[in-house]
Amino acid sequence: YASHELKGLGVESIFEDLSAAEVPELVMKVSLDDAAMMPMKLKRKDGVSYQAEAQLSVLRVRGEPALLVSARDITERLRMEQDLRQAHRFEAVGQLAAGVAHEINTPMQYIGDNTTFLRTTVERLLKLTDAFEELLKACESGEVDAEQIKRCRSGMTAARLPFLRQQTPSAIEQSLQGIAHVSSIVQGLKE
């Protein structure tokens, strides 16, 4: 507003949350010697409301107390503060996600490694089972030949049965522990 535009305007035309009846009370709150800063909601000429930081001073005009209001629009500053708070929240979420990913990564690695080992183990055992099924059929028909027995022995060697007997239980146990660890992390996030 230009100063000539303010002449004759009512309080409600300028202040969003202040009525003419409340002005005397506001004047009483502001000392004659001090200025008070406070947030206020004001109206532009077009009637649109905006957030303002207002400096209120009381002065005497013709012996009567008058309220002098000097305000500046802080809408943009408030929006930027809100954006900054939002950015901080996103940053915190990002740091949390990175921490959770790090915590989950190690057990997932050994779950993956153990699962790969177990897949190879099952493939070897299935090949060995095929050779033994073939040998069993030959035994049942009475037509066992040395080549079938050789394939079974070769399959047993290729399957590395002593190694599998030793490593398979620990691979399963480590996988189960890893799954439990990941589950506890996820459960902790839910709480």
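Helices here are DSSP runs of H or I with at least four residues, strands are runs of E with at least two, and both are numbered from the N terminus. With that settled, I looked up I179 and found it in helix 6, residues 161–190.

**Ground rules**

I'm working with a predicted model, where local features need pLDDT of at least 70, side-chain atom pairs count only at pLDDT 80 or more, and totals for chains, interfaces and linings use all residues. I count residues from 1 along each chain as its sequence is written, and my side-chain values use heavy atoms, with hydrogens and water left out.

**Entry: helix 6**

Buried means under 20% relative accessible area, exposed means over 50%, and partly exposed is in between (1.4 Å probe, protein chains only). I179 has a relative accessible area of 43%, so I put it down as partly exposed. I also looked at its distance to R165, 14 residues apart from it along the chain: the C-alpha atoms are separated by 22 Å.

Next I went to T168, which lies in helix 6 as well. Is T168 buried or exposed? Its relative accessibility is 17%, so T168 counts as buried. Which residues does T168 touch, leaving aside those up to four places away in sequence? I noted F117, L118 and T121, with contact meaning heavy atoms within 4.5 Å. The T168 side chain also reaches the backbone oxygen of L164 at 2.7 Å. For a polar contact I need a pair of N or O atoms within 3.5 Å; within protein, one must be able to donate a hydrogen and the other to accept it, and residues adjacent in sequence count only if both atoms are side-chain atoms.

**Entry: salt bridges**

Side chains of opposite charge can pair when their charged atoms come close. My rule for a salt bridge is a side-chain nitrogen of Lys or Arg within 4 Å of a carboxyl oxygen of Asp or Glu. How many salt bridges does the structure hold? I get 9.

I started with K45 and E5, whose side chains meet in one of these at 3.1 Å, N to O. This pair links distant parts of the chain, 40 residues apart: K45 sits in the loop between strand 1 (35–43) and strand 2 (49–61), while E5 belongs to helix 1, residues 3–6. K45 comes out at 57% relative accessibility, so I call it exposed. E5 is at 27%, so it counts as partly exposed.

Then I looked up D83 and R79, where the closest N and O atoms of the salt bridge are 2.3 Å apart. Both residues lie in helix 4 (residues 75–141), 4 residues apart, or about one turn of the helix. I have D83 as partly exposed at 39%, and R79 as partly exposed at 40%.

R151 and E134 make another salt bridge, with closest N and O atoms 2.3 Å apart. R151 is in helix 5 (residues 146–159) and E134 is in helix 4, so the pair ties together parts that are 17 residues apart in sequence. R151 counts as partly exposed at 36%, and E134 does too at 35%.

I also found a network of salt bridges linking E53, R72, R77 and E81.

**Entry: the strands**

I count two strands as paired if DSSP finds at least two bridges between them. Strand 1 and strand 2 pair in the antiparallel sense over 9 bridges. Where M37 is concerned, I found its bridge partner in strand 2 to be Q55. The hairpin of these two strands has 5 residues between them, and G47 there takes a positive phi near 90°.

Strand 2 also pairs with strand 3 (residues 64–73), antiparallel again, over 10 bridges. Here V58 stands opposite L67 of strand 3. This hairpin has 2 residues between its strands, and R62 in the turn shows a positive phi of about 55°.

**Entry: cysteines**

How many disulfides are there? I count 0, taking a disulfide as a pair of cysteine sulfur atoms within 2.5 Å. C152 is in no disulfide either, with the sulfur of C139 as its nearest. I have C139 as partly exposed at 46%, whereas C152 is buried at 3%.
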